[in-house]
Amino acid sequence: MEEKPGRGGLKTVDHKIFLPAVIIIVLISIPLALYESESLAILNNIFDQIVAQFGWGYIWYANILLAAGLYLSFSKYGKVVLGAPDERPQFTLFEYASLLIAMGLGSTIMRTGMVQWAGVADNPPLGVEAGSAEALLWGNSYAMYIWSFQVFSVFVMAAPAMAYIIHVKKRPMMRISEATRVIFGDRFTDGAGGIILDILFLMSILSGAAVTLGLGTPIITTNLAELLNTEVTFTMTMIVTVVWVALFSLSAYRGIEKGIKKLSVFNIYMAAFLALLILVIGPGVFIMDFFTETIGHLLTNYFTFSFYTDSVATEQTTFIRNHLIFWMAYNATWAMLHSVFAAKISRGRTVKEMILTYLLAPTAISWVATGILGGVGVNAQLNGGTDVLGMLGDNEAVQLIPAILQTLPLSGLMMVLFIIIALIFLTTTLDSTTFTIATYTSRNDMSRMEPSKFLRIFVAFVITALALVLMQIGGLAPLEVVSGIMGIPIIFIQFLMIYAAKKMMDEDEAWKYNIRKPDK
């Protein structure tokens with residue numbers, strides 16, 4: 001029986017999946033926090049063993065998803081409309097791309113774009129001399145590669161099935177279990193199997209959101225402390241966290257149209273302004289030269305990155321091998337969240353438009369961002385009198401950012417803009433996350449409405465409470481490793497979702513009947 005629309009308060013929450021997910025996370029986190037060092041040692045060992053034994057699997061996983069995305073886009077399925085055949089997209093292409101960029105990249109691009117090259121340059125692949133000009137190119141091209149087509153295919157490839165059930169099938173519940181009904185049948189979906197699938201999804205996303213909130217603040221506090229010529233303190237961290245929570249809660253409360261979309265579009269303009277400012281008053285010629293050369297190096301070696309396992313290393317594996325596999329494993333954790341959000345905002349888009357926009361728009365922005373920010377970092381190393389590679393051994397990567405920004409003219413203004421953009425990127429990631437979790441756990445009909453405002457604030461409160469408690473008791477680091485390990489079952493679910501999308505479209509012959517009619 002279909003739920004009545006508009007129910008409010010706690011009645012909007014589907015407790016049978018939400019409460020178990022929260023309780024299990026808390027029960028896992030308490031012993032991890034009480035025995036943090038021992039927990040980290042055990043969990044890291046487990047994760048390292050998985051990476052060592054099945055690293056090749058993560059490489060193939062990302063490449064197969066990319067191939068599946070291209071197949072769905074350019075086959076008969078690509079023209080299927082995610083909605084009624086005559087339905088038009090909810091957002092303009094620019095707004096749509098901005099939403100996907102804000103969700104897909106977040107503030108992490110601010111860190112990787114500026115300092116990711118250093119780890120590779122310090123330990124480059126294929127026998128390249130550390131710190132050499134070639135090592136710098138390998139470093140920045142790798143920093144571009146980790147925000148490329150494979151990663152964004154990981155984020156989007158469960159979206160066609162989710163979008164199809166909510167916009168075409170008009171099913172009230174926007175859940176993984178609902179998308180797999182076509183595979184496992186009603187008994188599994190409506191029973192314990194479906195509940196377990198949905199709880200697993202929520203555990204993965206709630207823990208990931210709490211970790212993001214807890215560990216994302218250093219990107220801001222490190223630069224803020226340098227700007228104010230002080231140390232990072234717990235008080236500063238709490239103030240930044242409170243401001244951040246207020247921003248993403250307000251944005252989620254206002255919804256996609258009035259909150260998330262406006263903030264996402266605004267941040268694209270802000271980022272563009274910072275990029276142009278760096279090029280105009282900073283080392284613009286060097287950056288553009290280095291960016292051009294990096295693009296050429298990336299395109300020349302794209303397949304090398306895509307299938308790199310460092311299998312014939314005679315001494316130690318390189319930075320790329322270890323980081324690339326970790327990166328794919330970590331992004332698998334977030335895959336379903338990105339897909340659910342992409343599905344929600346894709347009403348009226350075709351399957352091809354949804355997949356290709358997610359593959360192309362964030363990739364283009366990330367390559368430009370890495371080209372400019374990475375160019376600033378490399379210029380600081382070569383011409384700015386800052387030994388970035390030397391600092392790398394004694395500092396976390398995020399701590400290098402203030403030193404690099406200080407090599408620019410008007411460094412104070414640059415740091416202020418960097419902080420604002422990073423804060424908004426963090427906000428758009430978590431407001432999208434909050435909105436998606438609220439959509440997923442709502443008992444209202446998600447094919448016709450948005451989750452209630454109460455539910456959005458309630459989810460924001462839960463995420464914040466989890467993060468603050470874990471920050472206080474020291475359980476964030478172990479939970480981060482747990483989140484990475486939880487990406488493993490998500491991988492299998494993704495492949496099920498791709499099969500479910502194809503099966504639903506075949507059964508409905510959607511590629512014949514649910515397509516746009518040519519304009520008369």
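**Packing of helix 7 against helix 21**

In this predicted model, the axes of helix 7 (residues 159-168) and helix 21 approach within 7 Å and cross at roughly 45°. Helix 7 is therefore oblique to helix 21, as angles under 35 degrees count as roughly parallel, over 145 as roughly antiparallel, 65 to 115 as roughly perpendicular and the rest as oblique. Axes are lines fitted to C-alpha atoms, for helices over the stretch in contact, with angles from 0 to 180 degrees between N-to-C directions. Helices are DSSP runs of H or I with at least four residues, strands are runs of E with at least two, and both are numbered from the N terminus.

Contact (heavy atoms within 4.5 Å) joins Pro 160, Ala 161, Met 162, Tyr 164 and Ile 165 of helix 7 to Met 497, Ala 501, Met 504, Met 505 and Asp 508 of helix 21.

Helix 21 has 22 residues (487-508), which should span 32 Å at 1.5 Å a residue; the end C-alpha atoms are 31 Å apart, in agreement. The expected span is 1.5 Å times one less than the number of residues. Buried residues (under 20% relative accessible area, 1.4 Å probe, protein chains only) of helix 21 include Met 497, Ala 501, Met 504 and Met 505. Glu 509, with a positive phi near 50°, follows helix 21.

The protein chain contains 22 helices and 0 strands, and 59% of its 520 residues count as buried.

Residues are numbered from 1 along each chain as its sequence is written, and side-chain values use heavy atoms, without hydrogens and water. Local features need pLDDT of at least 70, side-chain atom pairs count only at pLDDT 80 or more, and totals for chains, interfaces and linings use all residues.

How values were computed: Buried < 20%, exposed > 50% of the residue type's maximum accessible area, 1.4 Å probe, protein only.
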